[in-house]
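Thanks for coming. I will go through a few packing details and keep it short. Please have the sequence and the coordinates open.

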Amino acid sequence: MHRRSALGGAITALATAAAGVLVAAAVSTAPAVAAPAGTGTGYLHTNGNKIVDSTGATVRITGINWFGMETDNKTFHGLWSTNPWRGQIDKMASLGYNTLRVPYSNDALKPGATASGINDFVNPDLVGLSPLQILDKVINYAGGKGMRVILDRHRPTSAGQSGLWYTPTVSEATWINDWKMLAQRYAGNTTVIGADLHNEPHAEGTNPAATGACWGCGDPARDWRLAAERAGNAVLSVQPNWLIFVEGVSCPSGGLSNVWDNDPSNDEDCGWWGGNLTKAKDFPVRLDVPNRLVYSPHEYATSVFEQNWFKSPDFPTNLPGIWDKYWGYLYKQNIAPIMMGEFGSTLADPRDKVWLEKLMAYTGTGVDGMSFTYWSWNPNSGDTGGIALDDWTNINTTKQAILQPYLIAPVGGGGGPTGTPTATPTSSPPPPTGGCTGAYRQVNAWQGGFQGELTVTNAGTATVNPWQVTWAWPAGVSLASGWNATVTQSGTTVTAAAPTWAGALAPGASVTVGFTANGPSAAPGAVKLNGVAC
């Protein structure tokens with residue numbers, strides 16, 4: 001997003017105000033089976049037009065974009081708000097978004113890169129961290145909730161997007177080497193499932209003197225399909241388990257159609273930046289590791305640009321045919337999965353609500369539908385707005401109501417820091433043998449709130465699996481966010497339940513539950529491990 005010119009009718013440059021992207025596992029040839037919910041088990045791969053998990057169960061990505069790491073802030077936007085970062089992820093997960101698409105720029109990956117725009121009263125645990133260290137924390141926390149993460153190289157620099165995957169200051173080698181670094185950094189963490197190689201390749205220059213990204217033209221300096229192969233195979237050489245997400249272009253020639261010269265021969269069929277995959281069947285992306293390719297188009301409404309099809313007399317019945325032509329055919333012909341990486345609107349124009357309803361219906365219902373990540377969580381996307389409202393806490397209920405029937409909520413098992421999910425308990429947690437000990441540390445405090453850590457040690461002789469810690473707070477203290485566990489509050493009682501990726505607490509082992517809270521500073525009281533007092 002941020003600046004996505006539309007290339008269908010007249011070509012318009014739209015500057016928006018958005019400050020806001022081993023050994024290979026054997027692939028089963030058996031038909032994919034449906035998973036009841038969530039994001040599956042282990043790493044993901046493809047099977048025809050489906051994304052499937054390590055067991056062969058079909059997974060549908062129903063995610064959301066949280067941008068900011070690609071901007072001058074070099075980290076997630078909204079960290080300046082009064083809603084802690086974990087609280088924002090909690091809300092996304094509770095609404096049903098099972099995946100985060102995280103845009104970044106190569107500037108944010110540089111040694112010495114500094115994150116800014118962080119409310120240190122609300123997010124004191126992020127102060128002084130690098131952009132990558134903050135990303136680490138977001139990934140681990142999201143993984144503990146069963147969510148997945150897709151990394152999106154959104155911009156070469158924080159200054160803006162580029163039609164090609166390289167610029168005079170950011171080379172192709174830098175682009176690829178940074179991808180390999182990220183693949184190595186998150187190797188073994190099944191929360192991170194793949195690489196969206198470059199955001200919104202698009203046309204520049206006027207035909208026949210095209211200078212932008214083409215598809216299938218054969219010029220190594222401009223053919224996005226060939227560049228995606230080079231980068232995708234480089235990533236897979238480091239991390240063969242990742243999915244490779246490849247967006248389309250705008251005009252397959254890589255040049256802007258000259259609609260002012262009254263010469264129809266120069267006017268090719270163009271679409272959204274990153275949204276045109278019409279040539280992908282004839283010129284497919286070829287990866288060295290099979291069953292890793294996912295095509296990822298972008299699709300927008302009139303609040304971004306009024307494409308000709310929005311003005312057509314047969315709108316909105318013409319929309320499925322438009323989508324079939326640009327990218328939907330890949331899914332319908334079982335060529336590859338579709339993961340619509342961006343789509344959104346302010347819904348200010350009544351047609352946009354119709355567009356969004358039709359688009360969601362086009363993706364299909366249930367686990368077998370096309371995957372997607374909505375643009376965006378952020379309210380500060382200039383031409384679309386977000387799911388979050390300006391307080392970064394409340395949500396746009398109109399948008400959410402349209403998306404809700406298609407969302408498949410995370411249910412755990414996506415893989416946390418260890419990448420090794422455990423089974424969800426079906427009975428009450430067993431009591432420990434011999435009790436426990438507890439130690440509390442207040443990490444920080446500010447007007448109206450505080451941050452603390454409660455460490456509980458299993459002092460018994462038997463493993464507690466799954467573990468559960470409870471404590472009491474005085475009236476007037478309320479939970480804001482929690483981590484290293486699923487932390488909830490009912491009345492004055494707080495419950496920290498074991499995450500799926502670390503359910504067992506062995507004799508002598510400890511767990512540290514972190515939290516931020518609203519109200520006067522107060523140490524946890526009446527601490528218990530699985531009902532036994534510490």
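At what angle do helix 3 and helix 4 pack, and how far apart are their axes? Before the answer, note that this is a predicted model. Two packed helices are described by the angle between their axes and the distance between the axes. Here helix 3, residues 172–185, packs against helix 4, residues 224–238, at about 35 degrees, and the axes are 8 Å apart. The crossing is right-handed. On the helix 3 side the contact is made by Glu172, Trp175, Ile176, Trp179, Lys180, Ala183 and Gln184. Helix 4 contributes Trp224, Ala227, Arg230, Ala231, Ala234, Val235, Ser237 and Val238. By class, that contact has 10 nonpolar, two polar and three charged residues.

Stay with Trp224 for a moment. Among the residues it touches, leaving out those up to four places away in sequence, are Trp165, Trp175, Leu197, Pro201, Trp215 and Val249. Trp224 is also one of the residues with the most contacts inside the largest nonpolar core, together with Leu151, Leu197 and Tyr295. That core has 102 residues. A second, separate core has 23 residues, including Leu454, Val469, Val511 and Ala522.

Next, what follows helix 4. The loop between helix 4 and strand 9 holds Asn241. Is Asn241 buried or exposed? Asn241 has a relative accessible area of 11%, and the cut-off for buried is under 20%, so Asn241 counts as buried. Asn241 and Ile193 are 48 residues apart in sequence, yet their C-alpha atoms are 7.8 Å apart in space.

Strand 9 covers 243–246. In a regular strand the side chains alternate between the two faces of the sheet. In strand 9, Leu243 and Phe245 point one way, Ile244 and Val246 point the other way, and all are buried. Strand 9 pairs with strand 8, residues 192–196, in the parallel sense over three bridges. Within that pairing, Ala195 has Ile244 as its bridge partner.

Four strands form it in the order 15-16-21-18, with antiparallel pairing. Strand 15 (436–446) and strand 18 (478–483) are at the edges with a single partner strand each, so one side of each has no neighbour in the sheet. Neighbouring strands are turned by 25 degrees against each other on average, direction ignored. Strand 15 and strand 16, residues 449–458, pair over 10 bridges in the antiparallel sense.

Definitions and conventions: Residues are numbered from 1 along each chain as its sequence is written. This is a predicted model: local features need pLDDT of at least 70, side-chain atom pairs count only at pLDDT 80 or more; totals for chains, interfaces and linings use all residues. Side-chain values use heavy atoms; hydrogens and water are left out. Axes are lines fitted to C-alpha atoms, for helices over the stretch in contact, and angles run from 0 to 180 degrees between N-to-C directions. Helices (H or I, at least four residues) and strands (E, at least two) are DSSP runs, numbered from the N terminus. A crossing is left-handed if the near helix is turned anticlockwise from the far one by less than a right angle, and right-handed if clockwise. Contact means heavy atoms within 4.5 Å. Ala, Val, Leu, Ile, Met, Phe, Trp, Tyr, Cys and Pro count as nonpolar, Asp, Glu, Lys and Arg as charged, and the others, Gly among them, as polar. Two strands pair if DSSP finds at least two bridges between them. A nonpolar core is a set of buried Ala, Val, Leu, Ile, Met, Phe, Trp, Tyr and Cys residues joined through side-chain atoms within 4.5 Å. Buried means under 20% relative accessible area, exposed over 50%, partly exposed in between (1.4 Å probe, protein chains only).
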